[in-house]
Amino acid sequence: MTAWLTAVVLLTLVLGQTQALAATIQPLDGIVAVVNDDVIVQSELENEIQLLLPQLQQSGGAIPPRAKLEQQVLERLILKRLQIQRAKQLGIEIDDATLTQAMENIAARNGMALDELQLTLESGGVNFKDFREDTRMQILTSRLQAQEVARDIRVSEPEIDRFLETESDSLLERREVRLRHILVALPDEATPTDISAAEQKAQSLLKRLRAGEDFGRIAAANSDGRNAAEGGDLGWFAMADVPNLAAGPARQLDKGEVSAPIRSPSGFHLIKVSDIKGDDPKPISQTHARHILIRTNELVSDADAKRRLSQLRTRIIGGDSFETLARANSDDTGSALKGGDLGWISPGDTVPEFEKTMNSLAANDISQPFQSSFGWHIVQVLERRNQDTREDLMRMKAVEAIRARKAEDATETWLQRLRDEAFVEIRLEEFDAGDADNAD
């Protein structure tokens, strides 16, 4: 079982610790928020809170006061509901076949069949139906954000150059990491006061470290760990041998970064990735392709789009120019100007439906019409190559990293705009009138 699936099961086991709290809550299905022409009811809010509480306890995070927690969780539900509404407007749906394939992929990544994944989750107290629907929501929002946000992100050559000058180490396939460690210990049978004091100390040390103070000196003076005298140096670990507590930081932190405090029974831990050994990125198989896109709307149905593309495909096979027809008919204005040419496409650059269809084609083949979250397409594969020179691979990986950062910032902006443009009325009694934000 991977660390990811183990974490899911552990989080659900902690849920038992919150049953006493849940028993005191008598949720009523009153409306707690109006979101455009939809509503969020009290039971939805309570269910989301009960799912979040074990995660907060497992991570050692402080649980906010009840009113604040309700506000935070309700905002998450509002953003989720707005994304569902937007996806519906754009005709983005996740059918059961796509969802089942995604679930099978999750199971396979954990070395299981789908029925084994279900048994494992349910033995840990996870409702498989809820897990399945949460997966559907993740796929839905991923496709929505790809269409609404990611397609507009551009990365310039100077940005790539600057990234490679300063952060090329982050692109390495990690083989080993060197870790440093600070422990702020808790006594046996620690009281809430003990826990709060230890967490505050850990946060204070983290603030000093991120301000530039030397990790070794702070560890030697403050850590309760066995390696404090060595400045908290734990030495080198192969990635497979990293202790479970440090597995997340070892995979995710860049060289020189320090984790937020991590709670365990022994106390609060700060983990630093002080060095990384790794290999250059692995060769990437790329496809040079072109396509014609027909978007659906109030005037163009799915059947209309499919029929038009079938006619265009027949004309191309009969000898008409793909480039000319793409310029005249494709709704993807960016590629239409280039005769439908998408350039060289790496794995993950396109939505799954497009990539799957493209990968199934031989060179020069033209697909039958197929649907993605963008609309209906036909695609032709022009050629394929393995991109395996170090310089080219590093530049491609840099583009991926820069795009991911920009996408994160752009998604936050997009979500805020979605929220601002919506009609939202909050009806929680705990909120002031000023907190009940009614947008235009």
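Which residues of α4 are buried? That was my way into this predicted model. I got a list: Leu69, Glu70, Val73, Leu74, Leu77, Ile78, Arg81, Leu82, Gln83, Gln85 and Ala87.

**Entry: the whole chain**

I stepped back for an overview. The protein chain has 16 helices and 11 strands. It runs to 440 residues, and 42% of them count as buried. I also looked up the accessible surface, which comes to about 24,100 Å², with 49% of that belonging to carbon and sulfur atoms. Then I checked contacts between residues with a separation of 6 or more: 68% of them join residues 24 or more positions apart.

**Entry: helix α4**

Back to α4, which covers residues 66-90. At 1.5 Å a residue, its 25 residues should span 36 Å, and the end C-alpha atoms are 36 Å apart, so the two agree. Just after α4 I noted Gly91, which takes a positive phi of about 75 degrees.

**Entry: the cores**

Next I asked myself which residues have the most contacts inside the largest nonpolar core. They are Ile40, Leu45, Leu74, Ile78, Leu117 and Phe131, in a core of 40 residues. The elements that give two or more residues to this core are β1 (31-35), α3 (42-59), α4, α5 (96-109), α6 (114-123), α7 (128-148), α16 (390-420) and β11 (424-426). My helix α4 gives the most, with seven residues.

Setting aside its neighbours within four places in sequence, I found Ile78 in contact with Ala33, Val35, Ile40, Arg419, Val424 and Ile426. There is also a second, separate core, made of 14 residues, and I jotted down Ile182, Ala198, Leu209 and Leu270 as among them.

Last, I went looking for open space. How much space lies in the second largest pocket? About 1,900 Å³. This pocket is lined by 47 residues, and the closest to its centre are Ala150, Arg151, Asp349, Thr350 and Arg403.

I then sorted the lining by element. At least two residues each come from α7, β7 (284-294), α14 (333-336), β8 (341-345), α15 (352-359), β10 (375-387) and α16. The largest share of the lining, eight residues, is from α16.

Methods. Residues numbered from 1 in each chain as written. Predicted model: local features only at pLDDT ≥ 70, side-chain atom pairs only at ≥ 80, totals over all residues. Heavy atoms only, no water. Helix = DSSP H or I, 4+ residues; strand = E, 2+ residues; numbered from the N terminus. Expected span 1.5 Å × (residues − 1). Buried < 20%, exposed > 50% of the residue type's maximum accessible area, 1.4 Å probe, protein only. Contact = heavy atoms within 4.5 Å. Areas by Shrake-Rupley, 256 points an atom, 1.4 Å probe, with all protein chains shown as cover. Core = buried A, V, L, I, M, F, W, Y, C linked by side-chain atoms within 4.5 Å. 1 Å grid on protein atoms, 1.4 Å probe; cavity = no way out; pocket = protein on both sides within 12 Å on 5 of 7 lines; lining within 4 Å. Points joined across faces, edges and corners; volume = space filled by probe spheres on them.
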